[in-house]
Amino acid sequence: MAHDAPQAAGPSKLVIRNIGLLLSGAMEKPILDADTIVAENGKITAIGRFKDVNTDDATTTVNANGTTVAPGLIDSHVHPVAGDWTPRQNQVGWIDSYLHGGVTTMISAGEVHMPGRPRDVVGVKAMAIFAQRSFWTLRPGGVKIHAGAPVIENEMVEDDFKELAAAGVKLLGEVGLGGVKDGPTARKMVGWARKYGIQSTIHTGGPSIPGSGLIDKDVVLEADTDVIGHINGGHTALPDDQIRCICEGCKRGLELVHNGNERSALFTLRTAREMGDLSRVILGTDAPAGSGVQPLGILRMVSLLSSLGELPAEIAFCLATGNTARMRALDCGIIEVGRCADFVIMDMAQHSPGKNILHSVQLGDLPGIGMTIIDGIVRTQRSRNTPPATRVPEIVGH
Ligand SMILES: [Zn+2]
């Protein structure tokens, strides 16, 4: 179909060898016993010991130099508008900056910052279809942007959701950022969206900027979206007892964002852990926002939750990778055969007091990024944004 993903050009075989630590992204086994990954034509085909896997005829070979390889990070909550420009803080190149923070996939929670954003139904649908097409075609730096997330309005009917789905729209923007702010209407439309395979999220907490509104636990639970968008507020969080009610009252995704209340994020993390439900926790930045854009926002969330939330760093990385991939039905985010070859290669930052990269993150430091890879193609080398990594990988052959 015309709106399918663009195809990568030519056969390719990537070999990453000499991996010191391999983070899987999957909570059930966060560290893999392997030092080599092979990817062909953008998909992982082998994971194991160098001597055991077929590395012949590689078109690109990366010597990881003993550093750490993890799945590329996923930002579950962004607000893109057009290309690599955001009018929210009038910045250009913010998505490319996120790539330098290890983010290889982004999910739109609505293109709500579009100047003159339409609120009539035909306009809402047109904008969503345009955004889906435009961001799937244009990938700044190679970053995969799942956009085209319409924000529901009261005048919408079931056929609108059917039409959106048929046109390739797979997401709803945050319920509550449009005219629909009540539980019953939200629940009805979220149900229609789900019926046609469109995933939903909701704005949780107080108004984010003048003009938006409060969404409390009753509306959140009644709406029953697939993801509880920024359960730690964006920025204004609900009281702790309401956050606990939401965690206990549904089995949906619990999204923690950088542009939210950090104390509430830690409260949600503890609650989910007590419930044995850490697999529901996923991470986003909710940028661009009033606080700007945060190219290192996902890494900062990993470090925050690991250090102050006392979460092993290898598990914290799963919240930014495998958990989100599973909840969002993405073919990336976990290092396993068949998934996309999207990686971030990192090492402990220079002069961190940590004993190794995981210990440094648990101490609250950020790792240094040495390389990003999307669909088996090297996209960036030493990050311009993270603290410098102690060791960096290198391309040793084409
Ligand atoms: Zn929001």
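Ala167 lies in the loop between helix H3 (158–166) and strand S13 (171–175). This residue belongs to a predicted model. Ala167 is buried, because its relative accessible area of 14% falls under the 20% limit for buried residues. Ala167 and Ile129 stand 38 residues apart in sequence, yet their C-alpha atoms are 6.8 Å apart in space.

**The chain as a whole**

- The protein chain contains 11 helices and 21 strands.
- Its radius of gyration is 20 Å, close to the 21 Å that the globule rule gives for 398 residues, so the chain is as compact as a globular protein of that length.
- The C-alpha trace spans about 60 × 45 × 35 Å along its principal axes.
- Of the 398 residues in the protein chain, 62% are buried.
- Among contacts with a separation of 6 or more, 74% are made by residues 24 or more positions apart.

**Surface and charge**

- The protein chain exposes about 14,700 Å², and 52% of this area is supplied by carbon and sulfur atoms.
- There are 37 positive and 43 negative side chains in the protein chain.
- The centres of these two sets of charges lie 1 Å apart.

**The nonpolar cores**

- In soluble globular proteins, nonpolar side chains tend to be buried together.
- The largest nonpolar core in this model has 79 residues, of which Met106, Leu283 and Leu305 touch the most other members.
- Helix H8 (residues 297–307) provides the largest share of this core, namely six residues.
- Apart from this core lies another of 18 residues, among them Ala34, Ala64, Ile345 and Met371.
- Leu283 touches residues that include Ile74, Asp75, Ser76 and Leu256, when residues up to four places away in sequence are not counted.

**Helix H8 and Gly297**

- In helix H8, 10 of the 11 residues are buried, so the helix is largely enclosed by the rest of the structure.
- Gly297 lies in helix H8 and is buried, with a relative accessible area of 0%.
- Leaving aside neighbours within four places in sequence, Gly297 is in contact with His258 and Thr285.
- The C-alpha atoms of Gly297 and Ala287 are separated by 8.9 Å, and the two residues are 10 residues apart along the chain.

**Cis peptide bonds**

- The peptide bond from Ala287 to Pro288 is cis, with omega near -10°.
- Pro288 is found in the loop between strand S17 (281–284) and H8.
- A cis peptide bond also joins Gly234 and His235, where omega is about 0°.
- His235 lies in the loop between strand S15 (227–228) and helix H6 (240–249).

- Thr204 is found in the loop between strand S14 (199–202) and helix H5 (217–223).
- Thr204 is buried, because its relative accessible area of 1% is under the 20% limit.
- With neighbours within four places in sequence left aside, the contacts of Thr204 include Ile215, Val220, Ile228, Gly229, His230 and Ile231.
- Thr204 is also in contact with Gly234, one of the two residues joined by a cis peptide bond.
- The C-alpha atoms of Thr204 and Gly260 are separated by 10 Å, while the residues are 56 residues apart along the chain.

**Positive phi angles**

- Asn65 has a positive phi of about 55° although it is not a glycine.
- Asn65 is found in the loop between strand S6 (60–63) and strand S7 (68–71), and is partly exposed, with a relative accessible area of 25%.
- Asp375 has a positive phi of about 50° and is likewise not a glycine.
- Asp375 is placed in the loop between strand S19 (368–374) and strand S20 (377–380).
- Asp375 is buried, because its relative accessible area of 18% is under the 20% limit.

Definitions and conventions:
Residues numbered from 1 in each chain as written. Predicted model: local features only at pLDDT ≥ 70, side-chain atom pairs only at ≥ 80, totals over all residues. Heavy atoms only, no water. Core = buried A, V, L, I, M, F, W, Y, C linked by side-chain atoms within 4.5 Å. Buried < 20%, exposed > 50% of the residue type's maximum accessible area, 1.4 Å probe, protein only. Helix = DSSP H or I, 4+ residues; strand = E, 2+ residues; numbered from the N terminus. Contact = heavy atoms within 4.5 Å. Rg over C-alpha atoms; globule rule 2.2 N^0.38 Å. Areas by Shrake-Rupley, 256 points an atom, 1.4 Å probe, with all protein chains shown as cover. Lys, Arg positive; Asp, Glu negative; His and termini not counted. Charge placed at Lys NZ, Arg CZ, Asp CG, Glu CD.
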